[in-house]
6 protein chains.
Amino acid sequence: MSLAAVSSAPAIPADLAQQVAAALAEDVGSGDLTAALIPPTKTGRATVITREPTLVCGMPYVTETFRQLGGGATVSWSATEGEAAVANQPLFRLEGNARAMLTGERTALNFLQLLCATAAAAHAYAAELEGTGCRLLDTRKTIPGLRTAQKYAVRVGGGHNHRIGLFDGVLIKENHIMAAGSITAAVSAAKHRSGVGVPVEVEVESLEQLREAIDAGADIAMLDNFSLSGMREGVALNASRGKTLKIEASGGIEMGSIREIAATGVDFISVGGITKHVRAVDLSMRFEWEAG
Amino acid sequence: MSLAAVSSAPAIPADLAQQVAAALAEDVGSGDLTAALIPPTKTGRATVITREPTLVCGMPYVTETFRQLGGGATVSWSATEGEAAVANQPLFRLEGNARAMLTGERTALNFLQLLCATAAAAHAYAAELEGTGCRLLDTRKTIPGLRTAQKYAVRVGGGHNHRIGLFDGVLIKENHIMAAGSITAAVSAAKHRSGVGVPVEVEVESLEQLREAIDAGADIAMLDNFSLSGMREGVALNASRGKTLKIEASGGIEMGSIREIAATGVDFISVGGITKHVRAVDLSMRFEWEAG
Amino acid sequence: MSLAAVSSAPAIPADLAQQVAAALAEDVGSGDLTAALIPPTKTGRATVITREPTLVCGMPYVTETFRQLGGGATVSWSATEGEAAVANQPLFRLEGNARAMLTGERTALNFLQLLCATAAAAHAYAAELEGTGCRLLDTRKTIPGLRTAQKYAVRVGGGHNHRIGLFDGVLIKENHIMAAGSITAAVSAAKHRSGVGVPVEVEVESLEQLREAIDAGADIAMLDNFSLSGMREGVALNASRGKTLKIEASGGIEMGSIREIAATGVDFISVGGITKHVRAVDLSMRFEWEAG
Amino acid sequence: MSLAAVSSAPAIPADLAQQVAAALAEDVGSGDLTAALIPPTKTGRATVITREPTLVCGMPYVTETFRQLGGGATVSWSATEGEAAVANQPLFRLEGNARAMLTGERTALNFLQLLCATAAAAHAYAAELEGTGCRLLDTRKTIPGLRTAQKYAVRVGGGHNHRIGLFDGVLIKENHIMAAGSITAAVSAAKHRSGVGVPVEVEVESLEQLREAIDAGADIAMLDNFSLSGMREGVALNASRGKTLKIEASGGIEMGSIREIAATGVDFISVGGITKHVRAVDLSMRFEWEAG
Amino acid sequence: MSLAAVSSAPAIPADLAQQVAAALAEDVGSGDLTAALIPPTKTGRATVITREPTLVCGMPYVTETFRQLGGGATVSWSATEGEAAVANQPLFRLEGNARAMLTGERTALNFLQLLCATAAAAHAYAAELEGTGCRLLDTRKTIPGLRTAQKYAVRVGGGHNHRIGLFDGVLIKENHIMAAGSITAAVSAAKHRSGVGVPVEVEVESLEQLREAIDAGADIAMLDNFSLSGMREGVALNASRGKTLKIEASGGIEMGSIREIAATGVDFISVGGITKHVRAVDLSMRFEWEAG
Amino acid sequence: MSLAAVSSAPAIPADLAQQVAAALAEDVGSGDLTAALIPPTKTGRATVITREPTLVCGMPYVTETFRQLGGGATVSWSATEGEAAVANQPLFRLEGNARAMLTGERTALNFLQLLCATAAAAHAYAAELEGTGCRLLDTRKTIPGLRTAQKYAVRVGGGHNHRIGLFDGVLIKENHIMAAGSITAAVSAAKHRSGVGVPVEVEVESLEQLREAIDAGADIAMLDNFSLSGMREGVALNASRGKTLKIEASGGIEMGSIREIAATGVDFISVGGITKHVRAVDLSMRFEWEAG
């Protein structure tokens, strides 16, 4: 993993190299039969362009793909991570060994088309929230094996990460409440047992439960499928008690309704769709070979 | 990997267990903080249901998830792999250790919602081709790390797999033709070098090129972005020369046009969208705990 | 990983099985030359006892060791995770294949002697804090490769986990402050970029810096090597501003001084020594073979 | 693994790179949230110094840590492996990408503080034996996952390695003797079955057993918890029979008694404490950033 | 994996780096005890020569071995992949760190002696077929863990690869025929279910079965242990039906008989012996050290 | 790895499960296309027989193959590890899920045919030495990735293991002697630096060098390509100096000459050919399916 390869800010996952290796292994297997038709010392150049507008995301994955392939195909970026790209915009140039370029093309683009898509989806929702003080969150509804990559793309797109996994945040749901006896008991146990600063969130289904979560000292309350007026009442209740927790709206939220929800005063809106759905961005690689 | 866990036919990928392990690792990490609120010996039951119609796919991935977690949560299926499911249909029951059930829920559903989606997408396209003799193919435009899982889902959905990766099929494109000097030379080299029975396909951009591919002895020709009339001419040309190769239509094909394309007489239609896009299926897990 | 194997509460790390496999591989290598002197079907029993008082920790690691070895050596525990054990107390019995028991003995005890030691160290410090409202934290100063295992042992011992790694908490130090321009700018950037609920902590070296951290909205301030009176002033300052953040005392803290530090009113005391130092607990395995 | 990075002699473990990768993965996870506050192209310098006297050990682990992180942070050593360092002595300078330096700091120091500690412990015991002709041995009581790293540190510290694991030496204990019928039978079977030159050691609990081990042709006898006079008698017995084996003293040996034990004439003294206990060395990294 | 390291054409397996890493790990383990006798900065040169005639194969494996070892030992080839080498011919020179050269020698030569042997065996059989139009095939009877490396060597030697594994070709045998009910049903099911272009082969034991395989539309028929006259009849039968499939002769074929078999007109002859047997080529490494 | 699965004595390698997993992965890949023609719940039985005489070796590898495949195909052995088998002798029966049996067949047999071959080769050489007091040794000339498996087979065949790798024995050759200055210096350094009991061997090319090795206290001397009379003189020289080391004959030794060499009185004869060459044993699996 090359930390310096990224020109923009978000933290790069430690498992990047491992994800790229797995993707190359599943594609290349016992060898690229078609690239073997190209003389092994042949060199060339190629340019990758967008075929539709998107948000650029995934640069370190592309760079790592060609680094692992060896053979001396090097990547030069003309875009920056997180930049809004128009259709037909050049993103990067590849230069070097022709076999390596052909062998790595699909793996590199498969990462790029997915991560641009996730970042662009996050950005579209986040843009709706601009100026509202409400933030967009992702969820644990992600593509298996690409959790950290997609969470990275959400950050690139201007969204914020909810917990990465089961290990870095507590989310108390109905079953945990039943097992503990009450919201109060569950929050108290969670506060007692979890690491310092680990946020304790409670999923609530009524104002009654919200009140108990506030009094129990929870850090966040997730309003599960509340109506708009229910959300407003929840926000008011929280304010009347000193606004000691943050409120997250969750459940079947789409582009059309997100701004209205933000207007209720909730602190966060979480949207599973930005990571569980993928509408891959259309990209194209154009080659220029040297003669001979 | 348990071969017997699948009640329907397609071959199960050897890397299934590895993919499940990676998905569990990224979600559970240093431990499920919230499940730790549940007494470790508590048991329970849960049912997973669909919330929208889909095609059932991913059963061995779900079973493997709970097997790896240990703790004795067992899975009983009421659906069969490849079955069309309606909304609100129960798919499987979980029974056993409550912690294991809660910890594994999201990983299991993340696989299931993606693989059902891919299988359903494949099935939707394949259904359009019913009775035409033309077959639906997937591509190498897949989610990095899930190539074999998605190819499996395409088979469950009634589609057919194009090559799995760069290692099990030759696809000669413009660059390879330039390097070899001509389609004829490229096909000849490919036939000479590749394994027995490895299909040699040529991407052609004109009838002229198609004619050369036929004469060179290619097994398949991919008509890249041909018009409907161009496809018809291609099919006729191939027939006039003894139909020694198969014809694949490719390039930006959508649901609305696929039947019309099939009517041109092409043998295969390949659609990148069934694997590169994912519209995750809505699923829900409902728990029933034992008292105490 | 068997979730049900633990009779006490803390969450079990997902990489447990991988850590056990690595430990077995490094010890067994090309085969246990001495165990090969035992007839392969011979069975026996053994008991593991403590040779000094400790806190029981590591049960799932022991169980997993013999599970991976196969051969049918099963583990029966008479202790429970987190229990205070006296000297010469039986912890578990092994029963089954003699070769497997002999081959697994050292690996199992190496985990147990280390994790008991870490849990006991955490417990000793935590006991000093009993009744003070101040909590014991661990740090990232851990044994390479055993981060999650040691963090688990700290929880078993009654301590609390500071962040697991660089990914689940922000800790702003001098360099980050310099890069951002000020504490205020650094906290603001961290809040803006990090995931929801991710705690933002600032290491401060003066009351001046503490004031800035409070005003910037940090969640925790780490008082780095403050005097006792400095800590008291810090606690008072925080209280005067509405106690919006938690205060952590850090830096060279030992058993002799911890209670005095807690009396200053700080919320947390972090001690690197509980995980970076290891004083392995003395354990002994006694075998009883069946005749013949 | 870079063999050339070590300026001193001991052989470097083949799993070094794997251990470093595991340590980075557990610390960095989904990304270093705090380093993300630093501009990605910022560069700087830092110096690591000792805060207490120690023996320098672990240089290849530190170098490998920053190599794997990429980003161009390079390590320049002013110490040499195995050198005795005083307090406040500079060990190495880091130069290059600031993010990489901050992200790798803790992992590098966690290796260094542990391996220096193990090497220093070995050195302290070995120094006691100086001039006696008796050698210090380590045991298999090591930190799980770091067997080869700790055995390397023992060599750096002037100790000698007992067998690495169960695969490269035979150590016949009570159970093996019972299974074989006698020490004679067990040694004979071991000699017959094990590889050429594989040392066959017998743990004996009496002079009677020692005599049998000598006559059986064992290579080493371990005197288990013998008194000083018992050890002297054992050494004399061995001498009277032509000194065909080496004698190892073992069992609860501490600094205070080791010289006295060596004076009995035993060939080796093995001490579990040098690897099972760890008293991490205090180290400190000081940064100097470039302005802007 | 460095694609550019190969001066000849066949596609390089993606798991090359992994195979080299495994081989180094099993040989180097906790460290090369003997190389530790060499000063760590000492440099030198060495030459590897053949001691018997062979076919050069395995260059990328050798290069990767020394790349992974680090230390700056570089490889310069005077041979090319696939070249026929005479006895005592220099293959490559090593230059650089002496420890790295000594540590890597055996691993590099173990790959080279095996892959040259496999390539040479393939070449010997393939030479017998020169001018016949019949091609040599390998099988799945390979050394466990080296499937892709051996298949690569077969290509280097002028043979052709039968399917790589169970995933890229269908081979219907007696059991599958019984399960499907008939050859016709089995071929039809295979065609229906497998990926596009996946060759469907049927193992037949009589002309009757061959006829059914032809009519069912199989791509290849494997004549299992047919007599020469049986093969001739099979070829004639196939010709009389338009030669719609290819015929493979298989079963206990040796050098002495292969040309005669080719003369029957079969398209392929598969020989398990070229990969399941290994007659390692004799190679030798000669060192020249710099003085001092 | 199941230790209990072996009915005979040699120690089983810890990486057995990993080697089996790698072999299954390379063969099964994205799924067994042909087994998918068999109904998933179909069961059956099969018997594996020898087709030529051999020595049975590899039982735990076969058992592990079907264990990993799941699906309930169980293995029952009628042979024992290390037993001499005649042609057409049944070795084991498989019973259970038909798909699992078909999918695992080739991987299981690839291990078995190789390990039987290695064990049989070792046995053939070892038999020549019967009654001579001289022992057969293997070398580090092994198949990459199968070092421990082949060393295990040598033990099963009645041979003895030379060092497993570079980590468990010192073998001083010409280059090390030059670097150290003399045999005496090299042996002294090796004795000083290596672990206790690690055998120090010197490769000698003259009686002069042998004398120096004896005087230096080496444990073994390897006579490199000595004549028979040279070997006799070496043995006599060693005897005249108290036979303090063992003598190993090495270099191009074949079946025809081994007994004569043993008669010179050398202690060991090492033969690279038993592991670097493989003449796979001919095995056959016969299936019996249940009707329907």
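The buried residues of helix α7 of chain B are covered by elements that include α6 (183–193), β8 (200–204), β9 (220–224), α8 (228–240) and β10 (246–250) of chain B; contact here means heavy atoms within 4.5 Å. Helices (H or I, at least four residues) and strands (E, at least two) are DSSP runs, numbered from the N terminus.

This is a predicted model, in which local features need pLDDT of at least 70 and side-chain atom pairs count only at pLDDT 80 or more, while totals for chains, interfaces and linings use all residues. Residues are numbered from 1 along each chain as its sequence is written, chains are lettered from A and ligands numbered from 1 in the order in which they are written, and side-chain values use heavy atoms, with hydrogens and water left out.

Which residues of α7(B) are buried? In this helix, residues 207–216, they are B:L210, B:A213 and B:I214. Seen down the axis, they fall within an arc of 100°, so they line one face of the helix; the arc is that of the directions from the helix axis to the C-beta atoms. On the other side, B:E208 and B:D215 are exposed. Buried means under 20% relative accessible area, exposed over 50%, and partly exposed in between (1.4 Å probe, protein chains only). After α7(B) comes B:G217, with a positive phi near 90°.

I turn to the cysteines. The whole structure holds 0 disulfides over all chains, a disulfide being a pair of cysteine sulfur atoms within 2.5 Å. For E:C57, the nearest cysteine sulfur, that of E:C116, is 6.3 Å away.
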